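This report describes one protein model for a reader who has not seen it before. The sequence and structure come first, followed by the text.

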Amino acid sequence: MSICKHTSLRLSTVFFLSLALSIGLLLSWSVSAQDDELEDGELYVPLSEPLVVNYGGPGRLKYLRAEISLRLDKSRDASVIRHHMPLIRHHLVMLFSRQGEEEINTQSGREQLRQTALAETNALLAQEEGREDVVRDLLFRNFVVQR
């Protein structure tokens, strides 16, 4: 009778181990399938802090505060954006600080600034990563001017 108990114990142990292994494989397959879905999805990556710059020419100081998000086609490109975030922020600060009052204070001027910022961001990433299509769009989440 003790041989039957040991055999029964071994079979139940083998059964439970194989069941646990099957469940583990099933869960890991499910997680990797979700990761594949995320890699092909669209994603918005906000710049970590709002950009605050002085703009305009000589005379009284004028301030611009902009909160920006970058729209990506592939979520795996978010790591590229995070890696180059300091460089992207620097170039956008320099671009915004070169603007005059006419560009900042009109709707068409802000749209042109947005398009220029998108083009310069993609050019910068093309130089750093060798790809020109990382950022699909650049969006102003908030745009405040103090004259």
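In this predicted model, Leu70 stands opposite Leu138 in strand S4. Strand S4 covers residues 135-146 and pairs with strand S3 in the antiparallel sense over 10 bridges. Leu70 of S3 also has Val45 opposite.

| Partner of S3 | Residues of partner | Sense | Bridges |
|---|---|---|---|
| Strand S1 | residues 43-46 | antiparallel | four bridges |
| Strand S2 | residues 51-55 | antiparallel | five bridges |
| Strand S4 | residues 135-146 | antiparallel | 10 bridges |

Between S2 and S3 lie six residues, and the two strands form a hairpin. Gly56, in the turn, has a positive phi of about 90 degrees. Within the pairing of these strands, Val52 stands opposite Arg65 in S3.

How enclosed is S3 by the rest of the structure? Nine of its 11 residues are buried, so the strand is largely enclosed. Tyr63 is found in S3, which spans residues 62-72. Tyr63 counts as partly exposed because its relative accessibility is 35%, and the range for that class lies between 20% and 50%. Together with Val52 and Leu61, Tyr63 forms a nonpolar patch on the surface, with about 290 Å² of accessible area for the three together.

The protein averages a pLDDT of 82, and 73% of the residues score at least 70.

Key. Residues numbered from 1 in each chain as written. Predicted model: local features only at pLDDT ≥ 70, side-chain atom pairs only at ≥ 80, totals over all residues. Heavy atoms only, no water. pLDDT = per-residue confidence, 0-100. Patch = residues over 30% accessible without salt bridge, like charges linked within 9 Å, V, L, I, M, F, W, Y side chains within 5 Å. Areas by Shrake-Rupley, 256 points an atom, 1.4 Å probe, with all protein chains shown as cover. Salt bridge = Lys/Arg side-chain N within 4 Å of Asp/Glu carboxyl O. Buried < 20%, exposed > 50% of the residue type's maximum accessible area, 1.4 Å probe, protein only. Pairing = 2+ DSSP bridges.
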